[in-house]
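Welcome! Take a look at the sequence and structure first.

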Amino acid sequence: MPIQIFCSVSFSSGKEAPGPLGDVQGPHQRQQRDSSESEEEEEETEKEAARKEASEGDLPTDLVAFANSCTLHGARHIFMEGGPGVKQALWAVAFVLALGAFLCQVGDRVAYYLSYPHVTLLNEVATSELAFPAVTLCNTNAVRLSQLSYPDLLYLAPMLGLDESDDPGVPLAPPGPEAFSGEPFNLHRFYNRSCHRLEDMLLYCSYCGGPCGPHNFSVVFTRYGKCYTFNSGRDGRPLLKTMKGGTGNGLEIMLDIQQDEYLPVWGETDETSFEAGIKVQIHSQDEPPFIDQLGFGVAPGFQTFVACQEQRLIYLPPPWGTCKAVTMDSDFFDSYSITACRIDCETRYLVENCNCRMVHMPGDAPYCTPEQYKECADPALDFLVEKDQEYCVCEMPCNLTRYAKELSMVKIPSKASAKYLAKKFNKSEQYIGENILVLDIFFEVLNYETIEQKKAYEIAGLLGDIGGQMGLFIGASILTVLELFDYAYEVIKHRLCRRGKCQKEAKRSSADKGVALSLDDVKRHNPCESLRGHPAGMTYAANILPHHPARGTFEDFTC
């Protein structure tokens, strides 16, 4: 390919001594040579500027211009043409103080958001009807004395605190058929046979002004033995509803606790009781009764009024609250509740440690004997409740229904009604005063209460506070932040371009334009020796050295 040679030729003035070849050109030729030299210098200057512009590319807008066009308040007063001054310094101090206050407020809001606060909202919702809760009641005495035979007493002795050599001091019933059947003694069958029967205890039952009876109750076993649940919703029974609030619009029952059937106290154990009356628990149909810990007592000789209000609780999951949307992973219960979880956990704990279960526990493990109750089951449960807090961890459900209660009572019977009741039930007045009680359970008003946990500070509130503080202190918005990022991106891209890609393109473009040789380079290669061998007076084309006439020889310019 043809090679273009750009020569930088410097000529001496007329006063300087001539070179080795002498001054072969006249004044006119030197004038033409000087003019052509100035033209070449101008072209070289233009080319160099063009190459510099191509290598640098388009520069981003300078900081002063950006500050004047940016929506950030105060920036145009800080970055001004003419350099920093007193005014710019004061504006910079004010801007830094405002920025510091803004960052402090943002830090405070972010810390408050990360604390995950919540509030509790209380609301009462009126309704036209409410489902009546389940009501479980147990006699505090688990075994009737009239059903206790001597073999039964010997079997139950460890639970009753009675030594086999001690005289019971009370008449006992003759042995029943089970004593001669040859089958092992079963505590569940014993409680089922010897408990207080609802047919004997229930003297009167009314629900919403209509009659009710034992057929409205379901049998359930608890730590008190055989108990009864009204409106359990089990066995395909529909849930009872109430249309009104107040006394007379719920459940009203009269019970005979049969205190003459109570067992004597021979010793203090976990199964003996010093009280007389019944234990009652009001709960939803979705949870089993846990009456020994959650029930309240009703004493004989009083009419007890229980005004209820349904409460629907909604808790928040972590990190705002402590509830967990858990499902019941159990073989015994379908729906999750804290009581179901605890009964399930206690059952597994006893089966693992005692190889048996108590009467009220579900499952198919064998029932504990009275000896196992005394030696293993009762101590194991006491240890589980008091000391082992890690085995039974029952999470709070996120949705829960409970019933708030207000109790009041009056004396029954009055002196005026004692004789009538004694005659009606064929009992003495003393027996009526010691054994009869009336329980009235109803809704105070026909509404339910919602107690709901709500997030006190969400991401929308955090962004709103940050935006408000940003606008107040520095007069910026989210678009201002985007402007700053855009300017930073342009600056970084420009610097990377100058260091990398654009420099490579400049080198590539300069390589395509040819090689520029100075006069010293030409002399270093000694072209004069080779050219002197040519015929004298031989001339060359004008395009070999631009802007020079063809009437001179090559030696005139280079040697």
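Of the 559 residues in the protein chain, 36% are buried. Keep in mind as you explore that this is a predicted model.

**The whole chain**
- You can find 18 helices and 16 strands in the secondary structure of the protein chain.
- The chain exposes about 32700 Å², and carbon and sulfur atoms supply 55% of that area.
- If you take contacts between residues at least 6 apart in sequence, 75% of them join residues at least 24 apart.

**Helix H5 and its cover**
- Now zoom in on helix H5, which spans residues 150-160.
- Eight of the 11 residues of H5 are buried, so this helix is largely enclosed by the rest of the structure.
- The buried residues are Asp152, Leu153, Tyr155, Leu156, Ala157, Pro158, Met159 and Leu160.
- Their cover includes H6 and helix H10 (370-386).
- Just after H5 comes Gly161, with a positive phi of about 75 degrees.

**Where H5 meets H6**
- Helix H6 covers residues 187-194, and its axis lies 12 Å from that of H5.
- The two helices pack at an angle of about 110 degrees; angles from 65 to 115 degrees count as roughly perpendicular, so H5 and H6 are roughly perpendicular to each other.
- On the H5 side, Asp152, Tyr155, Leu156 and Met159 take part, and they meet Leu187, Phe190, Tyr191 and Arg193 of H6.
- Sorted by class, this contact has six nonpolar residues, two charged ones and no polar ones.

Key: Residues are numbered from 1 along each chain as its sequence is written. This is a predicted model: local features need pLDDT of at least 70, side-chain atom pairs count only at pLDDT 80 or more; totals for chains, interfaces and linings use all residues. Side-chain values use heavy atoms; hydrogens and water are left out. Helices (H or I, at least four residues) and strands (E, at least two) are DSSP runs, numbered from the N terminus. Buried means under 20% relative accessible area, exposed over 50%, partly exposed in between (1.4 Å probe, protein chains only). Contact means heavy atoms within 4.5 Å. Accessible areas come from the Shrake-Rupley method with a 1.4 Å probe; for residues, only the protein chains shown count as cover. Axes are lines fitted to C-alpha atoms, for helices over the stretch in contact, and angles run from 0 to 180 degrees between N-to-C directions. Angles under 35 degrees count as roughly parallel, over 145 as roughly antiparallel, 65 to 115 as roughly perpendicular and the rest as oblique. Ala, Val, Leu, Ile, Met, Phe, Trp, Tyr, Cys and Pro count as nonpolar, Asp, Glu, Lys and Arg as charged, and the others, Gly among them, as polar.
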